[in-house]
Amino acid sequence: MEGDISEETAVRRSDLSVVFNELPLFKGLDYAFLREIASEAEWLSLPGGATLFCAGDSPDALYVVLSGCLGAFSPTERRNRGFLGRIAAGDTVGEMGLISGRPRNANVVALRDTELARLSDEAFNRVFRQHPEAMLRIARLTVDRLELSQSRIRTRSHAARTFTLLPQSVEIDVGSFAAEFVKALSAFGRTELVWNVRAGSHTSNWFHRIEAANDFVVYVADAVPGRWSSLCVRQADALLLLARAESAAGPWAVLAGPHATSMAPQRAELILVHDGHLARGAAARWLAAIPSTPHHHVTGKPDVARVARMLTGRGVGLVLSGGGARGFAHIGIVKALREAHIPIDLVGGTSMGGILGAGVAQCWSIEELTDRFRRSFVDAKPLRDYTLPFVSLVSGRKVTRLLQHAFGDVTIEDLPLDFFCVSSNLTTGHSEVHRRGELWLWLRASVAIPGVLPPVVYKGELLVDGGTMNNLPVDAMRDLGRGPVIGCDVGADRAFTTDTDEVDVPLPWQLMRWMREKKHRPNIFQILWRAGMVNSSAMTAAHREKTDLLLQPPLAQIDMLNWKGFDRAIAAGYEYAVRRLEDLPADSALRKSVIAEA
């Protein structure tokens, strides 16, 4: 830390061997060896924002982080300012360069006020050649770090341990939010709340001990710039930008002030606090000021608990597949999940799964979901507005009106729960994930079965049913890195069969006899629907493997266009899901989310 060296720090500096013995790298090694390393090491204090070394520098030393935290940045990658990862207390940095003799390949910067022990290359070579078991320890930890890094890249986990609450103005009741947030985090582990009055004058080692003693630490910054707020920004794995949803969008003075840390790579999450009810249009207004920032709506205590789950990698994502009338089984599955107290924190889907998922993201009750979808699909018969088949068999106007009536002018970013739906872009040949914009429009694109419904033309590109390319978009949910994923695949059973062998449609004068035959023949709607989904079968199979819980209710007896099978589909989904949830292991990630929800 800046300023005078504390008595505690002076004692730690006087015997680095004691400090080394507490670190994973050196723990358990011969004490005489630790004293030898300590005698060769140099103690460094690096203020937050300062650079330790740059890419291209000669590998002149090994550094051990004693307290604080460093960040590694790519010299070429611009995305997220090239942030590669954190180097926390107990980790080493620079050893790869000493072992390989190659120049540094990353920029390393202090994310917080950090204390390090520096071991020069000369001392490193001399000491570790005499103690090969220590070199083996370094090699193993380096391999472990690389494997962990690759695992994080594959899973894109966004779990955090230290949080900073950063109010946009003094109007925010940050104290109430902090109390509820700490309460929610406490369901997952030991949590401590740190205010300015407690920690304003402490050293970096004090903060290190606080974080080491807890599973989670929540720092509360001031709304105005200052040394304390700047320190809070540097301490956090995640910045929670608190704002009143009803207020005019504006900057956070702390992030723009003279104390701001320009190199801090912490991810920021926007927390929109509403006055009792969700204010329409607030998300779009704030996101225009801070684009590409994940956001959360908070209207009450359950929403704070949901934010806590998502930020710690315990948010439950529900992915619903397409499948026509079989998609009504999703209603039964959602009912079973709610009865089992498994929270649904994020929702995504394709085609019918997208439409049903939008209702779940609206937090509609099971009764409302059932009533709305019965009226919209069973009673309204949305595919009965036939037209000349220039582009499709039906005009699509009926489906469009139903979606507009059901969801109005709601945008995806205004939904209480994080939501996405998927369409297929025939122009580019890629799947499109819709996380922003008019809800009804992107649902209309997601359900545009090629040949049955007209495509949605947007900015010169043709968008059709998401099931054409990605019928179970588990990958889009995994990319969010929020936690376990439940995949509901209602399109797995055989779509249709026939009991006749035919090549051609009969001639006109033979049609009456052909139609009178009691044969089970597929119609053009079924053929087009199924043909549009065939290409995504291999991807769907791969995505099933990426779920934490895969639900595939038996629906072979329900045709994809049999809207009258509504109640049977719901019952089949519910009964199947109840049985599967009863068999969930006690130590599963979903069970842990149940504990927090209850």
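Let me begin with a definition: a residue is called buried under 20% relative accessible area, exposed over 50%, and partly exposed in between, with a 1.4 Å probe and protein chains only. The structure before you is a predicted model, in which local features need pLDDT of at least 70 and side-chain atom pairs count only at pLDDT 80 or more, while totals for chains, interfaces and linings use all residues. Residues are numbered from 1 along each chain as its sequence is written, and side-chain values use heavy atoms, with hydrogens and water left out.

I turn to the overall picture. The protein has 598 residues, and 52% of them are buried. Its accessible surface, from the Shrake-Rupley method with a 1.4 Å probe and, for residues, only the protein chains shown as cover, comes to about 27,200 Å². Carbon and sulfur atoms hold 53% of that surface. There are 24 helices and 22 strands; these are DSSP runs numbered from the N terminus, H or I of at least four residues for helices and E of at least two for strands. With contact meaning heavy atoms within 4.5 Å, residues 24 or more positions apart account for 76% of the contacts with a separation of 6 or more.

Four strands form it in the order β1-β8-β3-β6, with antiparallel pairing; two strands pair if DSSP finds at least two bridges between them. The edges are β1 (42-46) and β6 (92-93), and because each has a single partner strand, one side of each is left without a neighbour in the sheet. Between β1 and β8 (residues 114-120) there are five bridges, and W43 has A117 in β8 as its bridge partner.

Next, helix α14, residues 329-339. Helix α23 contains E575, which is partly exposed at 47% relative accessibility. Although E575 and I333 are 242 residues apart along the chain, their C-alpha atoms are separated by 8.2 Å.

Now to the backbone. Most residues other than glycine have a negative phi. Just after α14, H341 takes a positive phi of about 60°. S292, also not a glycine, has a positive phi of about 65°; S292 lies in the loop between α12 (282-289) and β14 (295-298) and is exposed at 78% relative accessibility. K459 has a positive phi near 50°, sits in the loop between β19 (456-458) and β20, and is exposed at 74%.

Strand β20 (residues 461-465) holds L462, which is partly exposed at 33% relative accessibility.

Finally, the cysteines. C232 is buried at 0% relative accessible area, and C421 is likewise buried at 0%. The structure holds zero disulfides, a disulfide being a pair of cysteine sulfur atoms within 2.5 Å.
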